[in-house]
Amino acid sequence: MTTNTMTETTRILLRSQMQRQGGFSLIEAVVGMVMFLAVAAGMVPIIMVSKAFTLQSDSRIGAIAISQQVMDSLRARDIATLPSSGTVTTLPSGDSLTNLPYKGKTYSATITYCETSSYCDSSSRHLKVKVYNYGFSSTAPIYQLETVYTRLQ
């Protein structure tokens, strides 16, 4: 074998190796895209559930904050000035509980006094605060707080 033939053979081998390393074929690219789309489609439900859970948690956090504000305003009152029964949408001070904003969302609340009458007397009141998304008070509350408020002596 001569040097010229060997050089020609080496060139052919190098050229064939360069052609094989040129990139993906069309079939390989399509298979890769299909695999990527299958994985992405599987992730969409997980992302949607996570987003819904986050929104629900934000609403619940807001409802908890609103119920705490309502309870704080009730604690500032004397027990004797609180009603002995009934459900109301106003605080004893006259402030409405129908349009309560918290971090860009609006809530409404109701206060039920002495639902369990055995917990109520001259020195204590059974209180139940229910917080709803604004305009949805006919549905189940987002958050409900129940306590027996009494004067410590």
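## A first look inside the model

The largest nonpolar core holds 20 residues, and those with the most contacts inside it are Val70, Leu74, Leu97, Ile111, Val129 and Val131. Here a nonpolar core is a set of buried Ala, Val, Leu, Ile, Met, Phe, Trp, Tyr and Cys residues joined through side-chain atoms within 4.5 Å. Two or more residues of this core come from each of helix 2, strand 3, strand 4 and strand 5 (143-150). Helix 2 gives the most, with five residues. Helices (H or I, at least four residues) and strands (E, at least two) are DSSP runs, numbered from the N terminus. In soluble globular proteins, nonpolar side chains tend to be buried together.

A word on what you are looking at: this is a predicted model, where local features need pLDDT of at least 70 and side-chain atom pairs count only at pLDDT 80 or more, while totals for chains, interfaces and linings use all residues. Residues are numbered from 1 along each chain as its sequence is written, and side-chain values use heavy atoms, with hydrogens and water left out.

Let us start with Val131. Leaving out residues up to four places away in sequence, Val131 touches Ala63, Ile66, Ser67, Tyr107, Ser108, Ala109, Pro141, Ile142 and Tyr143; contact means heavy atoms within 4.5 Å. Ser67 sits in helix 2 and is buried at 0% relative accessibility. Buried means under 20% relative accessible area, exposed over 50%, and partly exposed in between (1.4 Å probe, protein chains only).

Now to the charged pairs. How many salt bridges are there? The count comes to two, a salt bridge being a side-chain nitrogen of Lys or Arg within 4 Å of a carboxyl oxygen of Asp or Glu.

| Salt bridge | Closest N and O atoms |
|---|---|
| Arg75 and Asp72 | 3.0 Å |

Arg75 and Asp72 are three residues apart in helix 2 (residues 26-75), so about one helical turn separates them. Arg75 is partly exposed at 45% relative accessibility, and Asp72 is partly exposed at 46%. Glu115 lies in the loop between strand 3 (105-113) and strand 4 (124-133), and Lys128 lies in strand 4, so this pair ties together parts that are 13 residues apart in sequence. Glu115 is partly exposed at 46% relative accessibility, whereas Lys128 is buried with a relative accessible area of 9%.
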